[in-house]
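Please walk through this structure with me, one region at a time.

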Amino acid sequence: MSLLRIKEGSALLEVPQKVVEHITEKNEVFYNPAMAVNRDLTILLLRVFVKEKDRPIKVAEPLAASAIRSVRILKEVPNVEKVYINDLSLEALKYARKTLELNQIDASKYEIWNEDANVFLLKTKYFDYIDIDPFGSPVDFLDATAKALAHRGIAGITATDTAPLSATYPKTCLRRYFAKPIENEFYHEVGLRILIKKIAEYFFQYDIPIEVLFSYSYLHHFRVFVKRYRGARKVDEILKNKIGFLLYCHKCLYRSALPFTDLRNIDLTCPVCGHKLDWAGPLWIGELWNTDYVEQMAKETKHIEVKDETKKLLTVISEESKLQTVGFYTISSLGRALKLPTLPSKKFLLKTLNAVSTHFTGEGFRTLASHKKVIETITRYLSGKSN
Ligand SMILES: C[S@@+](CC[C@H](N)C(=O)[O-])C[C@H]1O[C@@H](n2cnc3c(N)ncnc32)[C@H](O)[C@@H]1O
Ligand SMILES: [Zn+2]
């Protein structure tokens, strides 16, 4: 079997040639080069996190595969006491050991475990950082994560089951995440917010409040970093203000986020065009980013080697995080809904609506302007064009 030597960040890795060419869950691939951006962002976030700690941090990677992530954490994040590397597959751990050896990681800096991820977490708790990076949905691992995370610890959670979350399989979404997704121009954002709601529920049931530090959608995955705190009262506050529903008009694109309520008592008539409103949720209607973290993560790109895609994504999110609206517009959806003969340029919209770009799609923008103002601005622009 021919082995290929790869460098990602500052870590070296040897993988069979076929691994890089063809990746599926079935062929038991333990290194996915497409997830380098995911790992880059993890390192950047952890480099910010360790600065707020006055002691070295304890890290867990319960689904470690090749251990590339753990090795990068040990090499690229200062002040890490130890990384606990776990995988259920002995084959994966073979690769993990090789990666540790290849990178000459000191044996005192890691422990290797071969357990189910949940058993591992409960046996080894507590951790300052837990990374959940499964094939598919992370729901299997959320309860143990909530139980094993130390006070003021962070969990980084990946979901690759974006299809149910993004309304391709609404029944699966309801079963798995107990929420209704929606087919609209910002379905990915809705999916990410449903995932955050699900993660939050696992913490809230134990009276643990959370804050979303960073989240994003990229290619075929969603990723969320949450930080945990203490206090049932704080949970009550978050439940009141940050979990709710999205109301949405498929005809004129009106949208509105409302706190958790009995939807049967809500008038589901679009206040702008009178059409019947659709809805999505329950979902997270709070912030998707802690702007301080985003700013500091962007600065950290100067100090470590990350992919150009990571830098690009972070640049857009730095701008996007300044306007944390629920939902965004896209030029093409506005064109379809308003039956526009020509489409306004993004530059024009960004300027006149004080809008920002979104990382979810290149043609998307967020604005604090009311829906009426958005429609008026575009209509005015077009009448100006036809004069
Ligand atoms: C997507 S890979 C992890 C990739 C890795 N975190 C990275 O950054 O490269 C998922 C891994 O989870 C392991 N796995 C699946 N179910 C598990 C379970 N219940 N407990 C522990 N490991 C499990 C698989 O063997 C596989 O190696
Ligand atoms: Zn409407």
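This is a predicted model: local features need pLDDT of at least 70, side-chain atom pairs count only at pLDDT 80 or more; totals for chains, interfaces and linings use all residues.

Residues are numbered from 1 along each chain as its sequence is written, while chains are lettered from A and ligands numbered from 1 in the order in which they are written. Helices (H or I, at least four residues) and strands (E, at least two) are DSSP runs, numbered from the N terminus.

Begin with the strands. Strands of a sheet pair through backbone hydrogen bonds, either parallel or antiparallel. Here, two strands pair if DSSP finds at least two bridges between them. Strand 1 (residues 3–8) and strand 2 (residues 11–16) run antiparallel and are joined by six bridges. Arg5 has Glu14 of strand 2 as its bridge partner. The two strands form a hairpin, with two residues between them. In the turn, Gly9 has a positive phi of about 60°.

Strand 14 is joined to strand 15 (residues 364–366) by two bridges, and the two run antiparallel. Ser357 stands opposite Phe365 of strand 15.

Now the helices. Two packed helices are described by the angle between their axes and the distance between the axes. Axes are lines fitted to C-alpha atoms, for helices over the stretch in contact, and angles run from 0 to 180 degrees between N-to-C directions. Angles under 35 degrees count as roughly parallel, over 145 as roughly antiparallel, 65 to 115 as roughly perpendicular and the rest as oblique.

Take helix 2 (residues 36–49) with helix 11 (residues 291–300). They pack at an angle of about 110°, with axes 9 Å apart. Helix 2 is therefore roughly perpendicular to helix 11. Helix 2 contributes Leu44, Leu45, Arg47 and Val48 to the contact, and helix 11 contributes Tyr293, Gln296, Met297 and Glu300. Contact means C-beta atoms, placed from the backbone, within 7 Å. The contact has five nonpolar, one polar and two charged residues. Ala, Val, Leu, Ile, Met, Phe, Trp, Tyr, Cys and Pro count as nonpolar, Asp, Glu, Lys and Arg as charged, and the others, Gly among them, as polar.

Helix 2 also packs with helix 12 (residues 308–320), at about 60° and with axes 9 Å apart. That angle makes helix 2 oblique to helix 12. This crossing is right-handed. Val37, Asp40 and Leu41 of helix 2 meet Glu309, Thr310 and Leu313 of helix 12. By class, three are nonpolar, one is polar and two are charged.

Last, the backbone. Lys125 to Tyr126 is a cis peptide bond, with omega near 10°. Tyr126 lies in the loop between helix 5 (117–124) and strand 6 (127–132). Gly281 to Pro282 is also cis, with omega near 0°, and Pro282 is in strand 12 (residues 278–284). Ala67 is not a glycine, yet has a positive phi of about 70°. Its place is the loop between strand 3 (57–61) and helix 3 (68–76).

Notes. Two residues are in contact if their C-beta atoms, placed from the backbone, lie within 7 Å. A crossing is left-handed if the near helix is turned anticlockwise from the far one by less than a right angle, and right-handed if clockwise.
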